[in-house]
Amino acid sequence: MRYLISVIHDQASLATPDEGAAIDVFNERLQAEGNWVFAGGLAAPDTATVIDNRGEETLVTDGPFLESKEYLAGFWIVEAPDLDVALKLAAAGSRACNRKTEVRPFL
């Protein structure tokens with residue numbers, strides 16, 4: 001089963017060099033153990049553009065979808081046999097990047 005591990009951050013700062021090194025080690029572990037699918041860090045929320053094409057005209061808005069102290073800073077998509085394993089991976093990812101994580105299964 002595939003899971004999304006979202007990295008939640010509440011500061012404007014990027015990863016420190018030590019955090020970046022720990023993330024690299026964690027990514028290598030995911031790859032070596034067969035859990036890796038994809039991962040990426042995201043630019044700051046103020047670089048976002050929201051597109052709403054539900055009406056007659058497309059609306060394009062600069063800035064994040066939600067105004068919040070916390071934001072999605074990055075993510076991992078992992079393969080895990082069950083939620084318990086995904087939660088353990090998320091805990092290790094949280095420790096590596098020094099940020100909160102959220103786990104959600106794909107449908």
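Q: Why does R99 count as buried?
A: R99 has a relative accessibility of 10%. Buried means under 20% relative accessible area, exposed means over 50%, and partly exposed is what lies in between, using a 1.4 Å probe and protein chains only. With 10% set against that 20% limit, R99 is therefore buried. Keep in mind that this is a predicted model, where local features need pLDDT of at least 70, side-chain atom pairs count only at pLDDT 80 or more, and totals for chains, interfaces and linings use all residues. Residues are numbered from 1 along each chain as its sequence is written, and side-chain values use heavy atoms, with hydrogens and water left out.

Q: What makes the pair of R99 and E19 a polar contact?
A: Their side chains come together at 3.1 Å. A polar contact is a pair of N or O atoms within 3.5 Å; within protein, one must be able to donate a hydrogen and the other to accept it, and residues adjacent in sequence count only if both atoms are side-chain atoms.

Q: Where does R99 lie, and which residues is it in contact with?
A: R99 sits in the loop between α2 (83–97) and β6 (100–105). Contact means heavy atoms within 4.5 Å. Leaving out neighbours within four places in sequence, R99 is in contact with V7, I8, H9, S13, L14, A15, E19 and S94.

Q: How do you know that N98 is exposed, and what stands out about its phi?
A: N98 has a relative accessible area of 55%, so it is exposed. N98 lies in the loop between α2 and β6, and its phi is near 60 degrees, a positive value in a residue other than glycine. For background, most residues other than glycine have a negative phi.

Q: How do you know that P81 is exposed?
A: The relative accessible area of P81 is 65%, so that settles it. P81 belongs to the loop between β5 and α2. Its C-alpha atom is 8.4 Å from that of R2, although the two are 79 residues apart along the chain.

Q: Why is G93 called buried?
A: The relative accessible area of G93 is 0%, so it is buried. G93 is part of helix α2 and touches F26, W76 and T101, not counting residues up to four places away in sequence.

Q: Why is the pair of F26 and W76 called edge-to-face?
A: The ring centres are 4.9 Å apart and the planes stand at 80 degrees. Rings of Phe, Tyr and Trp (its six-membered ring) pair if their centres lie within 6.5 Å; planes under 30 degrees apart count as stacked, over 60 as edge-to-face and the rest as tilted. F26 is in helix α1 (residues 17–32) and W76 in strand β5 (residues 71–79), 50 residues apart, and the pair links distant parts of the chain. F26 and W76 are both buried, and the structure holds two aromatic pairs.

Q: What makes a set of residues a nonpolar core, and which residues have the most contacts inside the largest one?
A: A nonpolar core is a set of buried Ala, Val, Leu, Ile, Met, Phe, Trp, Tyr and Cys residues joined through side-chain atoms within 4.5 Å. The largest has 17 residues, and I5, L30, W76, V78 and L89 have the most contacts inside it. β1 (2–9), α1, β5 and α2 each supply at least two residues, with α2 giving the most, five. L89 touches I5, F26, R29, L30, N35, V78 and A80, residues up to four places away in sequence not counted.

Q: How many helices and strands are there, and what counts as one?
A: The protein chain has two helices and six strands, running β-α-β-β-β-β-α-β from the N terminus on. Helices (H or I, at least four residues) and strands (E, at least two) are DSSP runs, numbered from the N terminus.

Q: How much of the protein chain is buried?
A: Buried residues make up 26% of its 107 residues. Among contacts between residues at least 6 apart in sequence, 76% join residues at least 24 apart.
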